[in-house]
Amino acid sequence: MSNIIENNIAVVTSRSLAKSGGIQTVTRTLFEGVLPIFFLGEDEDLEKKLESYSTVVFSGFDETFVELNRTLRKHGKKIAMFWHFGAASEVDVDLGRAWRAVVQMNKEGNFDLFITCKYGLEFTASKLFKLPSFLILNNAMEDNYKNINKEGIGIYSGSSDYWVKNLRPNLYAALMTEMHVDIAPYDDTIRGVVKDLGMDTFVTGVNGRVNHDDFLKRMASRELVSYVTFAEGAPIMPLEALNNGVVCLTGDNHHYFREDQRLHDLLVVTRPDDPKAIYDAILRGIANKKEIIQRYSEWKKGYDKLQKENFEQLLKSLTALSNSER
């Protein structure tokens, strides 16, 4: 879809939400050109701009959205909330605080629809929050850097500057290969670990946030990305990597690749706390890179079709919400 549809629905998000660059990417990929997108803290007179919309979708939610949420509710707006993470978010201070803000706003009756990208969480939310819930399929389409030279292993938290991931087992597994390892964010603590192991000559990295396009280029220059995490919603990075010809290992915490058991077996590590399991998967992934990229290309065609149909259903649900009585 290329034109913004006229249905009185707006999307509100934040560039700094939970320190996550992934939310920006997903919001843009799903809604840009389809629904108008506003940024909390950046759009002046945001409340006034939202007056003409009957329904507002919060793409991401934390405590910074609470005041706006309450105000919009007082003005009779329908509100849908798109939660980008899983149910294990409270392992992190920031995401735990964000989840508690969601719980509190639901307790106050300030949501009409719960949207999630985490398979199964829509069932959990409907049971716990007593709200209609919808599963949206995330997607990534960028493949601008698939033909650049590739070498070594990448360990990334995306374009953000923090970890709610599974850094150490990925790091140890990658170092055991004695291949070049690139890390982001590569902070002083991790530099110290690498130096103490006497392996700093194998490692490069950058600390702090990275522009998303620069991050994609950096990631696309790796042969393999080790992204075996515990807690995710529906991570975009594996799709971004594979779109650009980079093998990407993941944990078994998402709905990708299940239509192709061989692809699933090659990319999904079922023991994310075991560096040897990740190490074995790295070697297996590099040895089978050609097959992985070919299988992914076929799988992605079906996924793109399913994702488009899924997104059209979401728009229908939002339109129905917008037209319903409170």
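Is Glu178 buried or exposed? Glu178 is exposed, because its relative accessible area is 54%, where exposed means over 50%, buried under 20%, and partly exposed in between, with a 1.4 Å probe and protein chains only. The residue sits in the loop between α6 (167-176) and β8. Its phi is positive, about 60°, although Glu178 is not a glycine.

The structure is a predicted model, in which local features need pLDDT of at least 70 and side-chain atom pairs count only at pLDDT 80 or more, while totals for chains, interfaces and linings use all residues. Residues are numbered from 1 along each chain as its sequence is written, and side-chain values use heavy atoms, with hydrogens and water left out.

The chain as a whole comes first. Its secondary structure comes to 12 helices and 12 strands; these are DSSP runs numbered from the N terminus, helices being H or I with at least four residues and strands E with at least two. The C-alpha trace spans about 60 × 40 × 35 Å along its principal axes. The radius of gyration is 20 Å, which agrees with the value near 20 Å for a compact globule of 326 residues; the radius is taken over C-alpha atoms, and the globule rule is 2.2 Å times the number of residues to the power 0.38. Of the 326 residues, 56% are buried. Among contacts with a separation of 6 or more, 68% join residues 24 or more positions apart, a contact meaning heavy atoms within 4.5 Å.

In α3 (66-74), the buried residues are Val66, Leu68, Asn69, Thr71, Leu72 and Arg73. Their cover includes β1 (9-13), α2 (46-49), β3 (55-59), β4 and α4. Just after α3, Gly76 has a positive phi of about 85°. His75 lies in the loop between α3 and β4 and is exposed, with a relative accessible area of 55%. Its C-alpha is separated by 50 Å from that of Gln261, 186 residues apart along the chain.

Helix α4 (residues 93-107) has 15 residues and reaches 21 Å from its first C-alpha to its last, close to the 21 Å expected at 1.5 Å a residue; the expected span is 1.5 Å times one less than the number of residues. Buried in α4 are Asp94, Leu95, Gly96, Ala98, Trp99, Ala101, Val102, Met105 and Asn106. An α-helix has 3.6 residues a turn, so residues three or four places apart point the same way. The buried residues of α4 are covered by elements including α3, β4 (78-83), β5 (113-116) and α5 (121-129). After α4 comes Gly109, with a positive phi near 80°.

The remaining features are in loops. Most residues other than glycine have a negative phi, and most peptide bonds are trans. Lys130 has a positive phi near 60° and is not a glycine. Lys130 is found in the loop between α5 and β6 (133-135), and its relative accessible area of 66% makes it exposed. The peptide bond from Ala184 to Pro185 is cis, with omega near 0°; Pro185 is in the loop between β8 (181-184) and α7 (188-196).

Another loop proline is Pro36, between α1 (21-31) and β2 (37-39). Pro36 counts as buried because its relative accessibility is 12%. Pro36 and Val12 are 24 residues apart in sequence, and their C-alpha atoms are 8.5 Å apart in space.
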